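Trainee: I would like to go through the terms used for this model and check each against its criterion.

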Amino acid sequence: MLADDYGNLYIYKNKDFSFTKYDSLGKQLGKMMLTVPYKIQTVQNPLSVPLFSENAQELKFVDQNLNEIQKVDFKQKFGFIKMTYAEDLQQIWLLDESSKRLIQYNFRNDTTINSYPFDASFDDLMDLLVFENKIYILTKKSIRIYTFKFEKIFEAEIENAKRFRRENEFILVITNNSIIKYVPEKGMVKIFEDPDAQIVDKNTLAYFEIKANKLYLYSLENNKKAEPQTESEPDQKNTEKPVEQPEEKKVEPTEMPIEKEVESRQNSGEKPADSTLEKLIEDSSEVQKVGV
């Protein structure tokens, strides 16, 4: 599950390789039926969502309706690409497993800008991110940060890591049931956690989680007491807590589960969306069973 900054939700299912987009009330806005597995990098720019397939050795970009707008084929030009990171609408970073190199590639004019030796292990690789001359590598159990000279500058253990998310200068790690921020002075700092959650995600305004087959929305905290927020942007510095600390107070939902909102709309006589969040939650439950 991924959430963009407009509150739209995206579900990718390994079971049938489907990728579906819903609005906040569960109305389906678009759907793709893919023939091979794909990894969705980010939905922060819903006008251009990148999807990478290791099997097909290609990168797709889809628009806000999940229509394909561009495809980049790596088979003819490179060896075997293990992971990609689309930096912007022109450049992508490629981890070439066959040549053990990190490649900066401009796909608009089909040119290789830079190539760096990168002889790290490609086992259990979950995600790749390049930012401010640093290379972030995520595996199922750890995060590692390198320079372009292949010097390791940071490493930490992380359980059940899924993917990266970048918010301005901050790098976040999304796991099964927590969201962790990399802070250079402190290391990895946990900013959200629910041990009972099935899936968690975040956009710039809120945290999302699926728990007990319900979708919950949490506003960002602005103090350690985790009081509900109704005002403008919070100060997240006070919400951070080192990963090593065993207990963490979790913010209570500031809005009722979205299922309840759909129910209240139905009770008031207002016509609900054609496809409610019940379908969305069923989809995400199936995702959890097979594993993303």
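Trainee: Which residues does Ile143 touch, not counting residues up to four places away in sequence?

Mentor: In this predicted model, Ile143 touches Tyr136, Ile137, Leu138, Phe154, Glu155, Ala156, Ile158, Phe164, Val173 and Met188. Each counts as a contact because heavy atoms lie within 4.5 Å.

Trainee: What makes the largest nonpolar core a core, and which residues have the most contacts inside it?

Mentor: A core is a set of buried residues of the nonpolar list joined through side-chain atoms within 4.5 Å. The largest one has 33 residues, and Leu95, Leu102, Leu128, Tyr136, Ile143 and Met188 have the most contacts inside it. Strand 13 (residues 125-131) gives the most to this core, namely six residues. Another core, of 14 residues, lies apart from it and includes Tyr12, Met32, Val43 and Leu51.

Trainee: Why is Phe19 called buried?

Mentor: Buried means under 20% relative accessible area. Phe19 has 0% relative accessibility, so Phe19 counts as buried. Phe19 belongs to strand 3 (residues 18-22). Beyond its neighbours within four places in sequence, its contacts include Tyr10, Tyr12, Met32, Ile40 and Leu66. The C-alpha atoms of Phe19 and Ile40 are 9.1 Å apart, with the two residues 21 apart along the chain.

Trainee: How do you know that strand 9 and strand 10 pair?

Mentor: Pairing needs at least two bridges. Five bridges join strand 9 to strand 10 (residues 91-96), and the two run antiparallel; therefore they count as paired. Tyr85 has Trp93 in strand 10 as its bridge partner. The two strands form a hairpin, with four residues between them.

Trainee: What makes strand 9 mostly covered?

Mentor: Six of the six residues in strand 9 (residues 81-86) are buried.

Definitions and conventions: Residues numbered from 1 in each chain as written. Predicted model: local features only at pLDDT ≥ 70, side-chain atom pairs only at ≥ 80, totals over all residues. Heavy atoms only, no water. Buried < 20%, exposed > 50% of the residue type's maximum accessible area, 1.4 Å probe, protein only.
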